[in-house]
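User: I have not looked at this one before. Can you walk me through it?

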Amino acid sequence: MATVPDLSKYAKVEVNNVSNVPSDYMDPPRWVALTREVNRALARPEVAGVIISHGTDTLEETAYWLDLTTNSRNPLS
């Protein structure tokens, strides 16, 4: 957020650190926790979307998991 100081002019951004591990440490318990937090955020009417910062080692597995386990019309990227 500090690298984009004008961001607050365009969006209200909340940061929620669900996990801070190397991407190859992503496993089913962490995916379940991520799904829980994503669904919780997307259920709030004022939330327009969710952005997930993720390393590349297991990015496609996490994306596939979230595609299967989240249900919202809001964007998830």
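User: What should I know before reading any numbers?

Analyst: This is a predicted model, where local features need pLDDT of at least 70 and side-chain atom pairs count only at pLDDT 80 or more, while totals for chains, interfaces and linings use all residues. Residues are numbered from 1 along each chain as its sequence is written, and side-chain values use heavy atoms, with hydrogens and water left out.

User: How many helices and strands does the protein chain have?

Analyst: The protein chain has two helices and zero strands. Both kinds are DSSP runs numbered from the N terminus, helices being H or I with at least four residues and strands E with at least two.

User: What box do the C-alpha atoms fill?

Analyst: Roughly 35 × 25 × 15 Å, taken along the principal axes.

User: And how much of the chain is buried?

Analyst: Of the 77 residues, 17% count as buried. Buried means under 20% relative accessible area, exposed means over 50%, and partly exposed is in between, with a 1.4 Å probe and protein chains only.

User: Which residues make up the largest nonpolar core?

Analyst: Eight residues: Met26, Trp31, Leu34, Val38, Leu42, Val47, Val50 and Leu66. Helix 1, residues 28-42, gives the largest share of this core, with four residues. A nonpolar core here is a set of buried Ala, Val, Leu, Ile, Met, Phe, Trp, Tyr and Cys residues joined through side-chain atoms within 4.5 Å.

User: Take Val38. What does Val38 touch?

Analyst: Not counting residues up to four places away in sequence, Val38 touches Val50, Ile52, Leu66, Thr70 and Leu76. Contact means heavy atoms within 4.5 Å.

User: Where is Leu76, then?

Analyst: Leu76 is in the segment after helix 2. Leu76 and Val50 are 26 residues apart in sequence, and their C-alpha atoms are 5.0 Å apart in space.

User: Is Leu76 buried, exposed or partly exposed?

Analyst: Leu76 counts as partly exposed because its relative accessibility is 31%.

User: New topic. How much space lies in the largest pocket?

Analyst: About 1,200 Å³. Of the 33 residues that line this pocket, the closest to its centre are Glu14, Val15, Asn16, Val50 and Ile51. A pocket is an open set of points on a 1 Å grid over the protein atoms alone, where a 1.4 Å probe fits, with protein on both sides within 12 Å along at least five of seven lines; lining residues have an atom within 4 Å of a point. The volume is the space filled by probe spheres set on the points, which are joined across faces, edges and corners.

User: Which classes are in the lining?

Analyst: The lining has 17 nonpolar, nine polar and seven charged residues. Ala, Val, Leu, Ile, Met, Phe, Trp, Tyr, Cys and Pro count as nonpolar, Asp, Glu, Lys and Arg as charged, and the others, Gly among them, as polar.

User: Last one: what is Ser23 in contact with?

Analyst: Leaving aside neighbours within four places in sequence, Ser23 is in contact with His54, Gly55, Thr56, Asp57 and Thr58. Ser23 is found in the segment before helix 1 and counts as buried because its relative accessible area is 11%.

User: Where does Asp57 lie?

Analyst: Asp57 lies in the loop between helix 1 and helix 2, the latter being 59-69. Asp57 and Pro22 are 35 residues apart in sequence and 8.5 Å apart in space, C-alpha to C-alpha.
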